[in-house]
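Trainee: Could you help me learn to read a protein model? I would like to go feature by feature.

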Amino acid sequence: MIVTVTMNPSIDISYPLAVLNLDTVNRTNQVSKTAGGKGLNVTRVIHDLKGDVLATGVLGGFHGAFIAEELKRAGIKHNFTAIREESRDSIAILHEGNQTEILEAGPTVSKEEQEAFLGNFKEVIKNAEIVTVSGSLAKGFPSNFYGELVQLTEEQSVKILVDTSGENLKQLLVGEHKPFLIKPNLEELEGLLGQDFSIDNLDELCAALNQTIFDGVEWIVVSLGKAGALAKYQDSFYQVTIPTIKAVNPVGSGDATIGGFAYGLSQQLTPIELLKLCMATGMANAQEERTGHVDPKNVQAHIEEIIVKKIEL
């Protein structure tokens, strides 16, 4: 089983408008409300691939009840820890070819609620072989909290894939316990290491991934957008080249990449097969109107077009 973790889920609300008029009333009859958060995007992709997946994290209030009901309606297993404060809304206004977002900070999770989640997490990972952790932490959590999850999965011999950024990623990498995989994009890698990179200089990128801060991390997948990805597995480097596609909604494609990788791990794929699958799911997500969904037929078609080349240094 794959367990997905979302520590600050939301209701994603989308308002399409022909024109956004400021300082007056805007009306629409095409509102969309879905269970959101990076980890739940991962969950839905694994579910679309027919993987055995369970979602966990923290949920609170009427918003939390809505998210849980949405997952139930989709037939997705979930086991969240209840918190007192309300889960957040994330609002996207789609207008004139633009996307204006209003993102709430979300609830503050108390120490007692954090301990309750950790107790629940220890139970759900007893039946897991893979755990994914995605996105930001809700307020109240220490920045090294993901390190605690890594330690708990390590104790259970469970592989953990962590997709986060900023201080959360830095604290994870300087900690004693290392994740099985991290997936920074180029901008996040630059922020972490304090240096600029070019996708035209792969040797420099490979050298950066050999820095001691990454010691103990089995897999590093650096997303390069339309240029594909650069990946490091143990001591080997791979360049992943992807075909050009017409994107409908690219939001959540990074999450779909994690979902594809986790599913591929559960199927015991080889490193090259893993990279092809995870990039194919990211591409397939971009072709769907709904965030965090893939058509398995599209995934398979993309796999056949993706090129993975081992880099000889």
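Mentor: Let's begin with a facing pair: Ile11 stands opposite Ala35 in S3. This is a predicted model, where local features need pLDDT of at least 70 and side-chain atom pairs count only at pLDDT 80 or more, while totals for chains, interfaces and linings use all residues. Residues are numbered from 1 along each chain as its sequence is written, and side-chain values use heavy atoms, leaving out hydrogens and water.

Trainee: How many bridges join strand S2 to S3?

Mentor: Strands are DSSP runs of E of at least two residues, helices runs of H or I of at least four, both numbered from the N terminus. Two strands pair if DSSP finds at least two bridges between them. Here five bridges join S2 (residues 10–17) to S3, and the two run antiparallel.

Trainee: What is the order of the strands in the open sheet?

Mentor: The order is S3-S2-S7-S8, four strands with mixed pairing. At the edges, S3 (32–36) and S8 (98–103) each pair on one side only.

Trainee: Which helix lies across S2, S3 and S7?

Mentor: Contact means heavy atoms within 4.5 Å. Angles run from 0 to 180 degrees between N-to-C directions, using axes fitted to C-alpha atoms, for helices over the stretch in contact. Helix H2 (residues 61–73) lies across these strands, at about 85° to S3.

Trainee: And where does Glu190 lie?

Mentor: Glu190 is in helix H6 (residues 186–193). A polar atom of its side chain lies 2.9 Å from the backbone nitrogen of Phe197. Not counting residues up to four places away in sequence, Glu190 touches Gln195, Asp196 and Phe197.

Notes. A polar contact is a pair of N or O atoms within 3.5 Å; within protein, one must be able to donate a hydrogen and the other to accept it, and residues adjacent in sequence count only if both atoms are side-chain atoms.
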